[in-house]
Amino acid sequence: MFSRILIANRGEIALRIVRACRELGVHSVVAYSQADRHTLAVEMADDAICIGPAASKESYLKIDRLIAAAELFDVDAIHPGYGFLAENAHFAEVCESCKIKFIGPRPAAIRAMGDKAEARKTMMAAKVPVVPGSKDVIREEKEALKIAHEMGYPVIIKAVAGGGGKGMRVAHNDPSLIQSFHSARREAEMAFGNGDVYIEKYIDRPRHIEFQILADEHGNVIHLGERDCSLQRRHQKLVEEAPSPIMDEKLRKRMGEAAIKAAKAVKYSSVGTIEFLLSADRNFYFMEMNTRIQVEHPVTEMITGIDLVKEQIRVAAGEKLRIGQSNVQFRGHAIEVRINAENWTKNFSPCPGKITGYITPGGPGVRIDSHAYTGYVIPPNYDSMIGKLICHGSDREEALRRCRRALDEFRIEGVSTTIDFARLLLDREDIVRGEYNTSYIEKMLEAGLPILAEKAGHGGGKG
Ligand code: ADP
């Protein structure tokens with residue numbers, strides 16, 4: 001096992017990794033930006049070092065500073081968390097050449113899955129079903145029109161370097177395709193420095209079902225079941241649950257096997273996620289692989305009893321998986337609600353600032369992963385997620401009731417949050433029945449935001 005790990009991240013995930021290190025008896029060092037000096041990860045780590053100003057380009061994305069920090073503290077490994085450099089193959093290579101273990105897959109696997117167009121080709125070769133679409137990157141308007149006419153509208157234009165819903169546009173006809181083609185390319189160029197896009201058939205009202213992979217460096221690959229992440233706004237997940245309310249044993253087996261095949265095709269090691277779209281007629285298609293720990297990993301932890309971050313560190317240290325596929329057992333049901341500092345009644349606009357009051361829920365089956373506390377000032381420089389509420393129950397009904405109860409107990413003052421929105425969502429009949437898809441939240445918002453806001457008892461959110 002490693003003796004010292006540098007955590008190249010911030011927020012709740014930095015704290016999550018500090019906790020895993022502590023339980024493993026590993027010395028943790030958090031690399032933080034000037035804006036994150038007063039955060040819980042910095043407070044709770046064994047050591048911490050400031051690596052630059054607030055702007056992530058000058059700190060969390062600055063490879064030379066991270067390596068200097070790693071050398072200074074003489075760490076054996078770097079944990080990249082999610083976002084920032086977590087899926088940067090170059091960073092993984094730099095770590096490797098400095099004899100520092102990158103806690104994640106090999107650079108070649110990151111690269112193979114990082115380019116979505118390449119990943120599609122690899123999956124086709126491995127006989128994993130992919131969403132019908134273009135074989136390659138599309139560079140010309142004419143080509144885009146040709147593919148769209150072949151497949152039929154609607155289509156979705158996606159950035160090969162995409163992530164976080166950026167560089168993605170749906171088109172329903174020729175004029176909107178032409179416009180979307182250019183705007184997706186522009187947005188992707190801005191966000192990722194790579195404007196390449198490709199085109200997929202837009203699947204009508206699908207569910208987003210993803211499989212958790214756990215793989216060691218000795219060729220052992222297992223899956224830990226699925227998460228249903230269909231509750232999204234603008235392609236960003238808001239609520240996730242495991243197992244999926246629409247899953248059955250047969251489909252889980254088929255999708256799980258496809259997920260393992262996908263991971264093996266790139267000789268994957270570490271934790272990772274294979275994302276699928278599941279159509280209404282229960283066909284599934286590979287969408288992408290995330291080669292890192294995911295925000296929503298706790299729901300899998302809650303139903304399997306497996307600590308994914310500790311397992312991730314163990315396999316990076318060269319250990320073999322301690323369980324096989326047949327040992328994986330699911331217990332009960334778990335739901336995660338992302339808590340964002342946003343004013344949901346004003347188009348979910350970010351709401352940084354000082355948290356003046358903070359009381360977290362507790363009791364049976366309740367877990368909070370958050371770096372927030374009373375007096376914490378949310379910086380405007382990063383994403384708006386300030387924590388996650390995860391509730392476990394013996395079945396879905398209990399998990400849902402527990403989640404509603406916990407949301408009622410949750411008090412955050414000083415800034416607006418999405419707590420009330422999540423509370424309304426979990427009350428809805430469709431959600432209770434488990435009947436929803438990736439468009440559900442958008443439709444719900446289109447239908448009646450003023451009514452929803454009134455129900456929640458305010459016109460402008462807290463704070
Ligand atoms: P990102 O990497 O930016 O998160 P993904 O490829 O994971 O992008 O897609 C995010 C979401 O976009 C999916 O969960 C789904 O809701 C929607 N989506 C992506 N591709 C399609 C498609 N072909 N048809 C319908 N919806 C899609």
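1. The structure holds four cavities of 30 Å³ or more. A cavity here is a set of points on a 1 Å grid over the protein atoms alone where a 1.4 Å probe fits but cannot get out. The largest cavity has a volume of about 50 Å³, taking volume as the space filled by probe spheres set on the points.

2. Please keep in mind that this is a predicted model, in which local features need pLDDT of at least 70, side-chain atom pairs count only at pLDDT 80 or more, and totals for chains, interfaces and linings use all residues. Residues are numbered from 1 along each chain as its sequence is written, and side-chain values use heavy atoms, with hydrogens and water left out.

3. Residues lining the largest cavity (an atom within 4 Å of a point) include Asp228, Glu240, Arg396 and Tyr436. Strand 11 gives the most to this lining, with three residues. By class, the lining has seven nonpolar, no polar and four charged residues.

4. Now to the ligand: 21 residues surround it, the closest being Lys158, Gly165, His208, Gln232 and Glu288; a residue counts if one of its heavy atoms lies within 4 Å. Strand 6 supplies the largest share of this shell, four residues. Seven shell residues are nonpolar, eight polar and six charged.

5. Polar side-chain atoms of Lys116 and Lys158 are worth a look: the one from Lys116 lies 2.9 Å from a ligand oxygen atom, and the one from Lys158 lies 2.9 Å from a ligand nitrogen atom. In the side chain of Glu275, an N or O atom is 2.9 Å from an oxygen atom of the ligand.

Key:
Polar contact = N/O pair within 3.5 Å; in protein donor to acceptor, adjacent residues only side chain to side chain. Helix = DSSP H or I, 4+ residues; strand = E, 2+ residues; numbered from the N terminus. Nonpolar A, V, L, I, M, F, W, Y, C, P; charged D, E, K, R; others polar. 1 Å grid on protein atoms, 1.4 Å probe; cavity = no way out; pocket = protein on both sides within 12 Å on 5 of 7 lines; lining within 4 Å.
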